[in-house]
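Please keep the structure in view while reading.

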Amino acid sequence: MNNTRRDFLKTAIATAAAGALPVAGLLGSRGAAAAAAEPIKVGILHSLTGTIAITEAHVVDAEKLAIDEINAAGGVLGRPLQSIVEDGASDWPTFAEKAQKLLESDKVAAVFGCYTSASRKAVLPVFERYNGLLYYPTYYEGLEMSKNIMYTGQEATQSVIPAVNWLAQNKGKKFYLIGSDYIWPRTTNRIARPTIAKAGGTVVGEDYFPLGNVEFSSVINKIKAAKPDVILSTVVGGSNVALYKQLNSVDITGKNQTILALSVTEEEAIGIGRENLVGVYSCMGYFQSVANPQNQKFVAAFKAKYGADRVVGDTLEAAYTAVYMWKLAVEKAGSLDVAKVVAASSNLAWAAPEGQVHFHVSNHHLWKHARIGTFKPDGQVQIVYESPLIEPNPFPKL
Amino acid sequence: MTADTLLTQVFNGLSLFTVLALMAIGLAIVFGLMGVINMAHGELMALGAYMTYLTSVAFSRYLPQMMGAYFIVGMIAAFAVTAAAGFVLERVMIRHLYKRPLDTMLATWGLSLVLQQLYRQLFGPIDVSVPTVTWLQGAWNPTPGIAIPLSRIFIIGLTLVVALSVYLFLFRSRWGLRIRSVMQNRAMAGAAGINTERVDAVTFAVGCGLAGIAGSALTMLASTGPVTGQQYIVDTFVVVVFGGIESLVGTFLSAFTIGQMQSMFELVLSGSMAKAAILLLVITALYFRPNGLFALKVRR
């Protein structure tokens, strides 16, 4: 009866301690083993719904294909990639909100996302505040270079400027500019105007319509009155369907009027109706019909995973390239740290489906080809012009 | 500004008027005759458009030699399906909310979100392509300088037919008599032996069916996707409110006014500015005539 409770407690604690050691040892080693295969989280942020979905929803598929291929080849730094997909819903504040969620709660190593410049501008402050890393795969107007964004899409000197010059040389000097009403079309046209003037052309009309607008009869009337040689279209998203349907209904088609669309790829052609786009020109960095071995491999893998009647447009290829460029930069830097990855991206090269690309030494953009092609009845693009690699210059002197 | 341009612009105004009128007539019936604010009207138009799309797919797969006829069949299918949907909706949901207009607004807004997601699940988030029938492709060229799209002429004709049918239905048929009496004095109509509940259901179904026809016709002009309804609903409400809530004639007149004015504005202003100018005008007009331009006095 001498302090049996104290004795009991002493024995109990001793047994517990003795028992805990081997368990801790087991847990510890299992923890170490788990850390070796612990996945790297990456974010994917695109509009899966809303008026931009017709153009943006499928970009996710290309990014997932790249992630699956990378995982099958052993992952990045020996760790598999795990993607977290968020829907921006064609609403810019939602993009900012989801970006914050990915960076702050999910703590992703990088985000592959955004399509419209408006969405990118909305998430830019979020990435800079949380020191995240965004890979932006879409062609855009330039005039930006954030330390937290890598741009794998064309900027203006690689898209609208060569397009305007090619049109002025080959198709005519009178331009009619029609676009959706937000930053990309307006800035693109602001860049296009002096380029047109330098090429000896004139702008005979300029019109903007809200995203989602479906009534184009008045502007079509104005176009008929102005009789331009070239219609340069920066209309984005679902409005394209209405625009081309209504143009065709008054017999303005790609066959009798030069129309160059800066934001219609093989993807939108399906929603617009391939028969409505025959003869319409498009200027992009990549078309599915680009002929090189890595593109054939990419398109085959894409169709094998998602279906034989799927098509691949410029932004999908740029997104696929973005994932691989991030992987290469991480492996070269040996770390996921944003500053190190960005530094390792300088001059980083890869054989992308669009051809050999490499990042600029300092401005976060890719050296890219500009390609111009015309839509065929099957929805594919026949390439009629390919520029040499153009050095990216997001702040051109106009 | 040549005569060709001006004439084409007048036609554009006419075409816009008929598009707005077609979209608004269903809403005006439901809003005006029943006092129900149907925020899901746009989604019902999208339902009509999707029915037309399904008809086109069915024809192209099983009856490709009769593709020319698919559009009429599609429009009839659109009317039938949306009217049936409207009937079910009225019986299940709207019936309980007659005395509560704000609650109807909320409930139908929720319904519109549900329908949008349903379309996404069934048809995908991407717009579907509804091919225009060959006999409505292209334009009529009265002079070399003027091209009047056949699809728009068809819509003008369709609006005339619909307007005439609505008039005959409401003012020359037994059902129209019942509907009008219930609208003017529900208690007396009930006392006179009219089944007011059935009348309500039929009125709502007709309003929804008209939305289906509008959606079906609009597949010739624009895309068909889950958010299509959202793109039309604002314009439709503006037309109905501007015209005076309880006046069907007012709806037509307001659609005409807005259609012509928007067309004229778009000639001189950019598309976005024209829309803003129209809305500014509507607000100013409503400031001076809060019940709409052509509000009638109706005893309740």
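In this predicted model, helix 2 of chain B, residues 41–62, packs with helix 4 of chain B, residues 101–123, at an angle of about 25 degrees and with the two axes 9 Å apart. Because angles under 35 degrees count as roughly parallel, helix 2 of chain B is described as roughly parallel to helix 4 of chain B. The crossing in which helix 2 of chain B passes helix 4 of chain B is left-handed. On the side of helix 2 of chain B, the contact is made by B:Gly42, B:Glu43, B:Ala46 and B:Tyr50, while helix 4 of chain B brings B:Ser112, B:Leu115, B:Gln116, B:Tyr119 and B:Phe123. By residue class, this contact of helix 2 with helix 4 of chain B comprises five nonpolar residues, three polar and one charged.

Turning to chain A, the secondary structure consists of 13 helices and 15 strands, and the C-alpha trace spans about 110 × 40 × 40 Å along its principal axes. Of the 398 residues in chain A, 52% are buried. Where contacts in chain A join residues at least 6 apart in sequence, 71% of those contacts are between residues at least 24 apart.

The domain assignment divides chain A into domain 1, which covers 40–155 + 289–368, and domain 2, which covers 158–284. The C-alpha centres of domain 1 and domain 2 of chain A lie 27 Å apart, and their contact takes 21 residues from domain 1 and 20 residues from domain 2. On the domain 1 side of that contact, the elements giving two or more residues are helix 2 (53–56), helix 5 (117–130) and helix 12 (314–333) of chain A; helix 5 of chain A gives the most, with three residues.

Between the chains, 32 residues of chain B are in contact with 34 residues of chain A. The side of chain B that touches chain A draws at least two residues from each of helix 1 (3–34), strand 2 (146–149), helix 10 (248–268) and helix 11 (271–288) of chain B, and helix 1 of chain B gives the most to that side, with six residues.

Conventions:
Residues are numbered from 1 along each chain as its sequence is written. Chains are lettered from A and ligands numbered from 1 in the order in which they are written. This is a predicted model: local features need pLDDT of at least 70, side-chain atom pairs count only at pLDDT 80 or more; totals for chains, interfaces and linings use all residues. Two residues are in contact if their C-beta atoms, placed from the backbone, lie within 7 Å. Helices (H or I, at least four residues) and strands (E, at least two) are DSSP runs, numbered from the N terminus. A residue is buried if 20 or more other C-beta atoms lie within 10 Å of its own, exposed if 12 or fewer, and partly exposed in between; C-beta atoms are placed from the backbone. Axes are lines fitted to C-alpha atoms, for helices over the stretch in contact, and angles run from 0 to 180 degrees between N-to-C directions. Angles under 35 degrees count as roughly parallel, over 145 as roughly antiparallel, 65 to 115 as roughly perpendicular and the rest as oblique. A crossing is left-handed if the near helix is turned anticlockwise from the far one by less than a right angle, and right-handed if clockwise. Ala, Val, Leu, Ile, Met, Phe, Trp, Tyr, Cys and Pro count as nonpolar, Asp, Glu, Lys and Arg as charged, and the others, Gly among them, as polar. Domain bounds come from an automatic or database domain assignment.
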